[in-house]
Amino acid sequence: MGHVRHLYVHLPFCAHRCGYCDFVTVVGRGEQHGSYVGALLAELELERDVLANPLETVFVGGGTPTFTDPVELARLLEGLPAARELTVEANPETVTPELAQLLHAAAVNRVSLGAQSFQAHLLDVLERRASPDDVRRAGRLLRGAGFDNVSLDLIYGIPGQSPTDLERDLAEALTLEPEHLSCYELEAKPGTRFTHAHGAELEQQADAMEGYFEQVVDTLSDAGYRWYETANFCLSGARAGGRDLRARHNLGYWHGSDYLGIGIGAVSTISGERRRNTAGLPRYVAALAAGQRSSAEIEVIDDETREREKLLLGLRLDEPVAVADVDGALDRTALARMVAGGLVHLSSNGRGEEIRLTRRGRFLGGGVTAELLV
């Protein structure tokens with residue numbers, strides 16, 4: 001039995017490609033859904049020995065996993081190993097009563113719904129196919145199918161978005177009472193058609209980002225959500241019903257745990273080695289049909305890299321990072337300066353020193369962390 005407790009499964013198929021997206025996706029290809037799922041299951045079998053039993057988490061992402069042919073999606077879900085948390089990403093327009101029941105019957109116990117916005121004009125800018133009514137209907141259908149752990153994705157910093165638009169999006173999201181919310185600053189990567197079309201507006205919107213970030217945190221905190229990671233919030237206390245509603249799969253990444261990724265473009269980090277699968281669908285399917293792995297890149301992760309990543313990722317959380325785990329990557333002079341400036345909290349327990357960002361430090365986020373790195 002292996003030691004890896006986290007599995008990521010990539011389903012790349014989408015109805016269309018949004019302009020801001022730079023994930024590994026393919027449009028349509030309905031005739032290839034079956035062969036791709038077969039390749040995923042073949043890769044899973046090749047890697048079975050590295051996986052623990054049971055797994056802690058499985059995350060099925062994309063792409064739009066719920067765009068995949070329902071028969072093939074069911075076949076994939078049936079072939080996955082047991083896990084305490086099984087998440088599937090869904091786009092609102094793909095959620096039907098039948099789809100919601102399929103997921104629930106397949107032991108999926110968490111759904112991440114890509115709402116992005118409830119404002120029609122902003123969804124148009126993002127080139128999203130879902131309407132605001134689709135988002136609301138998807139939430140109702142998932143609840144009706146028995147899901148009691150739903151995460152909602154929102155984006156802020158959209159060209160043309162006002163503080164009032166963001167206020168409305170947050171209010172609409174809260175009416176659905178999701179257990180979890182992920183609120184991301186829009187990142188339009190260089191070379192995407194979105195950047196070409198909206199570059200000037202994005203530059204103007206950049207000045208408003210800090211205010212939007214604070215608006216998100218204040219609104220959700222006031223509504224009883226724990227700001228446990230830079231962009232992620234979950235119900236806590238009495239409203240959580242005694243459950244820890246943090247995204248356990250993503251916590252695995254942020255804590256620096258090993259994980260296996262299968263599918264095109266998927267990344268794995270196992271025993272000091274990081275590898276990335278080929279991003280080409282035909283190459284991937286052909287390799288697995290021949291009983292071969294499809295790794296395109298392999299990187300050895302040395303101790304220095306591991307400590308730097310543990311510091312970068314760990315400080316995104318609202319929990320402390322043990323200094324002993326990151327000491328080689330930590331600039332002690334910068335640490336003293338950040339502590340004096342009220343951006344980092346330094347404390348000691350019976351095991352040694354710990355650091356975490358203060359509330360003010362968390363709003364500055366990456367800038368503070370970059371200063372702390374040697």
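Two strands pair if DSSP finds at least two bridges between them. The views below show a predicted model.

**View 1. Strand β1 pairs with β4 and β11.** Six bridges join β1 to strand β4 (residues 55-62), and the two run parallel. Within this pairing, Tyr8 stands opposite Phe59 in β4. β1 also pairs with β11 in the parallel sense, over three bridges. Here Val9 stands opposite Ile262 in β11. Strand β1 covers residues 6-11, and six of its six residues are buried, so the strand is largely enclosed by the rest of the structure. His6, Tyr8 and His10 point one way from β1. Leu7, Val9 and Leu11 point the other way, and all are buried.

**View 2. Nine strands form an open sheet.** Their order is β9-β10-β8-β7-β6-β5-β4-β1-β11, and the pairing is mixed. The edge strands are β9 (225-229) and β11 (260-262), each of which pairs on one side only. Neighbouring strands of this sheet are turned by 20° against each other on average, direction ignored.

**View 3. Helix α6 packs on the sheet.** Strand β7 (residues 150-156) runs parallel to strand β8 (residues 180-185), and six bridges join them. Leu154 has Cys183 as its bridge partner in β8. Helix α6 (residues 163-175) touches β6 (110-116), β7, β8 and β9. The direction of α6 makes about 175° with that of β7.

View 4. Thr269 lies in strand β12 (residues 267-270). Thr269 counts as buried because its relative accessibility is 5%, and buried means under 20%. The side chains of Thr269 and Arg274 are joined by a polar contact of 3.0 Å. Beyond residues up to four places away in sequence, Thr269 touches Asp258, Tyr259, Arg274 and Ile301. Ser271 lies in the loop between β12 and β13 (273-277). Ser271 is exposed, with a relative accessible area of 58%. Its phi is positive, about 50°, although Ser271 is not a glycine.

**View 5. Glu127 sits in a loop between two helices.** The loop runs between α4 (120-126) and α5 (132-144). Most residues other than glycine have a negative phi. Phi of Glu127 is near 65°, a positive value. Glu127 counts as partly exposed, at 27% relative accessibility.

View 6. Most peptide bonds are trans. The bond from Asn53 to Pro54 is cis, with omega near 0°. Pro54 has its place in the loop between α1 (33-46) and β4. A cis peptide bond also joins Gly62 and Gly63, with omega of about 15°. Gly63 is found in the loop between β4 and α2 (70-79).

**View 7. The second largest pocket holds about 240 Å³ of space.** Its lining has 17 residues, and the closest to its centre are Lys310, Pro320, Val321, Ala322 and Asp325. Elements that give two or more residues to this lining are α11 (303-314), β15 (321-322), α12 (323-326) and β17 (352-357).

**View 8. Arg356 is found in strand β17.** Arg356 is partly exposed, with a relative accessible area of 32%. Arg356 and Leu317 are 39 residues apart in sequence, yet 8.0 Å apart in space, C-alpha to C-alpha. Leaving aside neighbours within four places in sequence, Arg356 is in contact with Leu315, Asp318, Glu319, Pro320, Val344 and His345.

Methods: Residues are numbered from 1 along each chain as its sequence is written. This is a predicted model: local features need pLDDT of at least 70, side-chain atom pairs count only at pLDDT 80 or more; totals for chains, interfaces and linings use all residues. Side-chain values use heavy atoms; hydrogens and water are left out. Helices (H or I, at least four residues) and strands (E, at least two) are DSSP runs, numbered from the N terminus. Buried means under 20% relative accessible area, exposed over 50%, partly exposed in between (1.4 Å probe, protein chains only). A polar contact is a pair of N or O atoms within 3.5 Å; within protein, one must be able to donate a hydrogen and the other to accept it, and residues adjacent in sequence count only if both atoms are side-chain atoms. Contact means heavy atoms within 4.5 Å. Axes are lines fitted to C-alpha atoms, for helices over the stretch in contact, and angles run from 0 to 180 degrees between N-to-C directions. On a 1 Å grid over the protein atoms alone, a cavity is a set of points where a 1.4 Å probe fits but cannot get out, and a pocket is an open set with protein on both sides within 12 Å along at least five of seven lines; lining residues have an atom within 4 Å of a point. Grid points are joined across faces, edges and corners, and a volume is the space filled by probe spheres set on the points.
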